[in-house]
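Work through the exercises below with the model open. Try each task before reading its solution.

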Amino acid sequence: MTPNAPITLRSFLDSVGRIFAVFFRQGRRSRRTRFFFLFSFLPVAVSLVIKFNQIFSGKTGREGTYLFTNLIMLFYLQMIILILALFYGTSVCSEEVEGKTLPYLITRPVPRAAVVLGKYAAYTAVTTGMVTLGLLFSFLVLNLDRLFDPSLYGQLGRYLGVLILGLVAYGALFTFFGSTFKRSIFFGLLFSFGWENVIQYFPGSTQRLAIAHYLKSFLPAAPQGRFSFLTFRLEATPPGLALLMLFVIAAVALAAACLVFSIKEYKLED
Amino acid sequence: MTAVIATSKLSKWYGNVLGLSDVSLEIEPGVTGLLGPNGAGKSTFLKLITGQIKPSIGTVRIFDQKVQANQSIFSRIGYCPEHDSFYEEMSGWMFLTSLLKLHGFSPEETRARAEEALDIVELSTDKDRLIRAYSRGMRQRLKFAQAIAHDPEVIILDEPMSGLDPLGKRKLIRLIKTYKERGKTVIVSSHVLPEIEALTRTIILIHQGKIFAKGDIHYIRDLIESHPHMVSVRCPDPRRLAGQLLQEEYVLKVHFGPDGRSLLVETNNRDKFFALLLSLLVGNRTEVEEITSPDDNLQAVFDYLIGK
């Protein structure tokens, strides 16, 4: 690097890539990842229980797609991706401050914003991997009898896309929380299981203030059934607009997180 | 010699608390010791010159470049933080190679540099162990390794010898001195005078956020020599001992303790006083329970120097 070299987009992206490589590797191997990997496989266990019950009781019950959409998907959408995004997103900045490892990163030739974006991308990739595997296994278990139906895999792709979008948007928001608040997990929990869980069921345009609203807008309209009360008030936003909104939320949250991380002087407490 | 690091009117406040005040100095290649008691502002100064925090007033320049928001300068600086903090789930090897990758080295160069740095700090055989299994001394050496692995021109070490055993300290001192011979600029902070004294003659004295003095270490040695020392002695017959001590001109005052078994002696020549005390104790076969020097620390010296 030349003295006082201006940061070009290419050099910035290089820095993001280097941070990503380091923390993706670290993130995959961490004890936290092993724990959350098991956690994200809870729906697989539920699916196995349902399937064994169907096989051994001889009752077919609800078909696999129905159970998947109304039980497993909601489990992922309303709990697992929120928890994963919360713990990984807030840790992007706060683990460096709480672990007092921040000086190792900010005294390297990488912009601070690249640290945020690189770690965010790495942790989003790690959580995406966990969710993808869990969702895939749950889906296959519940649809064992229809594995050769190609239309099923279109649905699976759609569901997976929704969850990844959820991880992207929630992860970005919680990255901002982690860069800004000292008790970011607490505020994240309030947001996840307070705000999101309530606002998304409000009628009219109020429900558009929840990220979950945009995610659910991609899902097929819920058929009337046992679990339909969870989604029956959804006034879906068109998919194109929902996608745009999710990207805007993620971009604004990440830009704010980068700004805060770049200017804030964190106190490394003993 | 050209200054590598130059600060001008550098000041830092943390809210209403003064961290550093009006520091203007130039640091040249070689080893410079930053000496001051705990809370003097050493770490604040080091964080300011490494761009970790922004000055409230003033400027820092390294190689005549500004440090703030100038990432390119960090390939020329190695920083060893004071905290005993690591990515505990990494091995020493992974820690070092990860940080080297952030400099943009190729995989081959990263491996070569990491191997060299681990070899220098004698951690090669333990490189694959998790950092959380390292001893305190190994952790200190690893922290030093990450500061030198990218071969920086400026090496900034914040309390690098804390937690090291005497042998470890001696090795590190020898190692730091080799960087001086290679023309590097090394700043070492410490609150322990003998550590700095073993490293360099060039020191900066810092106290209460202000640079108290900058120059040769003999300057502070002279100041310390002229500093009246307090020595406390506990023995069964302090009155007899006091009578003998007061016959010497370098024994300024004697105070008796409330328990009647101790005395506090003030002297302006510590070496002569201890020689006398030893000869009296041996000659009189006096039993001594305890000899302590309540002000034998840097804080006391600084308090004396600033006229407290």
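This is a predicted model. Of the 308 residues in chain B, 41% are buried.

**Exercise 1. Overall build of chain B**

Task: How many helices and strands does chain B have, and what box do its C-alpha atoms fill?

Solution. Start with the secondary structure: chain B has 10 helices and 14 strands. Next, take the principal axes. Along them, the C-alpha atoms of chain B occupy a box of roughly 75 × 45 × 35 Å. Finally, look at contacts in chain B between residues at least 6 apart in sequence. Of these, 67% link residues at least 24 apart.

**Exercise 2. The side of chain B that touches chain A**

Task: Describe the contact between chain B and chain A, by residues, elements and classes.

Solution. Count residues: 26 of chain B contact 28 of chain A. Then assign elements on the chain B side. Strand S6 (77–80) and helix H2 (92–101) of chain B each contribute at least two residues. H2(B) gives the most, with three residues. Last, sort this side of chain B by class: 10 residues are nonpolar, 13 are polar and three are charged.

**Exercise 3. Helix H1 of chain A**

Task: Which residues of H1(A) are buried, and what do they pack against?

Solution. H1(A) covers residues 9–29, 21 residues in total. From first C-alpha to last, H1(A) reaches 30 Å, close to the 30 Å expected at 1.5 Å a residue. Now list the buried positions: A:Ser15, A:Val16, A:Arg18, A:Ile19, A:Phe20, A:Val22, A:Phe23, A:Gln26 and A:Gly27. Their packing partners in chain A are helix H2 (31–40) and helix H6 (112–142). H2 of chain B also packs against the buried residues of H1(A).

**Exercise 4. B:Lys143**

Task: Is B:Lys143 buried or exposed?

Solution. Locate B:Lys143 in helix H4 (residues 136–148) of chain B. Count its C-beta neighbours inside 10 Å: there are 24. The cut-off for burial is 20 or more. Therefore B:Lys143 counts as buried. As a distance check, compare B:Gly36, 107 residues away along the chain: the two C-alpha atoms are separated by 22 Å.

**Exercise 5. B:Met161**

Task: Where does B:Met161 lie, and which residues beyond its neighbours within four places in sequence are in contact with B:Met161?

Solution. B:Met161 sits in the loop between strand S7 (154–158) and helix H5 (166–181) of chain B. B:Met161 is buried because 23 other C-beta atoms lie within 10 Å. Set aside neighbours within four places in sequence. B:Met161 then contacts B:Lys169, B:Leu172, B:Ser190 and B:Glu195. B:Lys12 is 149 residues from B:Met161 along the chain, and their C-alpha atoms are 26 Å apart.

How values were computed. Residues numbered from 1 in each chain as written. Chains lettered and ligands numbered in written order. Predicted model: local features only at pLDDT ≥ 70, side-chain atom pairs only at ≥ 80, totals over all residues. Helix = DSSP H or I, 4+ residues; strand = E, 2+ residues; numbered from the N terminus. Buried ≥ 20, exposed ≤ 12 C-beta atoms within 10 Å, placed from the backbone. Contact = placed C-beta atoms within 7 Å. Nonpolar A, V, L, I, M, F, W, Y, C, P; charged D, E, K, R; others polar. Expected span 1.5 Å × (residues − 1).
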